[in-house]
Amino acid sequence: MLVSVALAAAILAALAASGCGDSGGLSASAAQGGSGAGGAVATGSPSASGKVTGTPGPAPTPTRSPKATPAAGATTAGGSTGAPTGGGSPALRVVFVDVGQGDAAVLRSGSWTGLVDGGPAGSEGAIEVALAKLGVRRLDTLVISHLHADHTGGLPALVAEYRPRRAWVAGAVRGGLAAALRGAGTAVVQARRGLTKRFGTAKATVLAPGGLSGDANTDSIVLELDAAGRRVVFTGDSTGAGETAAGATLARGPPVDVLKVSHHGSRYSTTTGFLRGARPRTAVISVGRNSYGHPSSDAVKRLRAGGARVFSTRRSGSITLTVTAAGGLRWSYARSGAQITRGVSRGGLSSGASGGSSGGAAATSVAGAASSSASASGGTVVYVTNTGECYHQKGCRYLSSSRIAMKLSHAKADGYRPCSVCDPPR
Ligand SMILES: [Zn+2]
Ligand SMILES: [Zn+2]
């Protein structure tokens, strides 16, 4: 194992010639700006009562700034379309929360409640709105796909408020999140392939990781939920061996009904091999404004080539999936009427419901990926690449293929390592 890992690392290093995992030959993806995802994603918005098999709607005009629709008295982000409930208690409800560039999904099955990832810092309000929409007061299970800031930034406050009974993680939790989990009395479970548990009437199965490689994205928890005969899969930012293993397991079962697409639609995930196993019918990309080129048209094309309908939170806002007791799939969506606000208090819903700057803009500055926001907001600025694992000083030779400015604190929080060649600040 060690030998093969070392060999793989050597091959990667040779390919990248950087030691930082950068793929030198790849050109930089242009910063997407406000309308960068235009055209890439099939934008048929899931209608409130439409079946998943309905015809995708026409592409709505990409909007630079998703303004709140209700001009007066914007109250809740998630409530504007009203979620369908179907007959009887649904087997599973999932809200893919529009947290900008990041992931968060609220789950409910019967009285059981869960959360998969906690969005970037500043998205707590939007997640609270979704939790309230599903009537969640306390979390049974928190699944942290991996420990990158766009998946964990909102968690310390949410953990303090919703006191999850247990948290599934892959890797060592540190810092404020670890303290919050301790404070909430949450039992932290290292989730590995094969772990199963009842989530209400749904069955949860961990498909990956089998073990830890040390790369947070590769080690993302891939979670399958089976509810009323439907398969819903959450992938975190899974890639490489983790994604391959998950795809191999999925290949042994029926097609995936709903796939939370890995890594915000990065071209380096959602491989043809994975899709051959998963065969997703519907795909949800959780993504906001970013400088990484997410979602990539390559990944979206691969999804569509397999027949999947593709939705994104950036286009549709928060997306609610209901699996009815009879196994029907219903969708509703809501552009964030309430904006994602930064520094939201733990006090409740009103904090997430104020008007003001657009959620996208807030998410961008939270992600710290845009050079303007990184430099404007003070602090040391470093540079990362689209594919690398290191952060660099300006002028480092490994920044030739792409260069994304980022605050040092964000780079470190997002798991980037200092480049050994240019020796950036630590
Ligand atoms: Zn990640
Ligand atoms: Zn991510």
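Ala105 has Val116, in β3, as its bridge partner. Strands β2 (105–109) and β3 (112–116) run antiparallel and are joined by 5 bridges; strands, DSSP runs of E with at least two residues, pair if DSSP finds at least two bridges between them.

This is a predicted model, in which local features need pLDDT of at least 70 and side-chain atom pairs count only at pLDDT 80 or more, while totals for chains, interfaces and linings use all residues. Residues are numbered from 1 along each chain as its sequence is written, chains are lettered from A and ligands numbered from 1 in the order in which they are written, and side-chain values use heavy atoms, with hydrogens and water left out.

Now to the sheet. Its 8 strands form an open sheet with mixed pairing, in the order β6-β5-β4-β3-β2-β1-β14-β15. The edge strands are β6 (187–190) and β15, each with a single partner strand, so one side of each lacks a neighbour in the sheet. From one strand to the next, the twist averages 15°.

Next, the helices, which are DSSP runs of H or I with at least four residues. The axes of α4 (residues 155–162) and α5 (residues 175–184) come within 9 Å and cross at roughly 0°; axes are lines fitted to C-alpha atoms, for helices over the stretch in contact, and angles run from 0 to 180 degrees between N-to-C directions. The two helices are therefore roughly parallel to each other, a term for angles under 35 degrees. In α4, the contact (heavy atoms within 4.5 Å) is made by Leu155, Pro156 and Val159.

Conventions
Angles under 35 degrees count as roughly parallel, over 145 as roughly antiparallel, 65 to 115 as roughly perpendicular and the rest as oblique.
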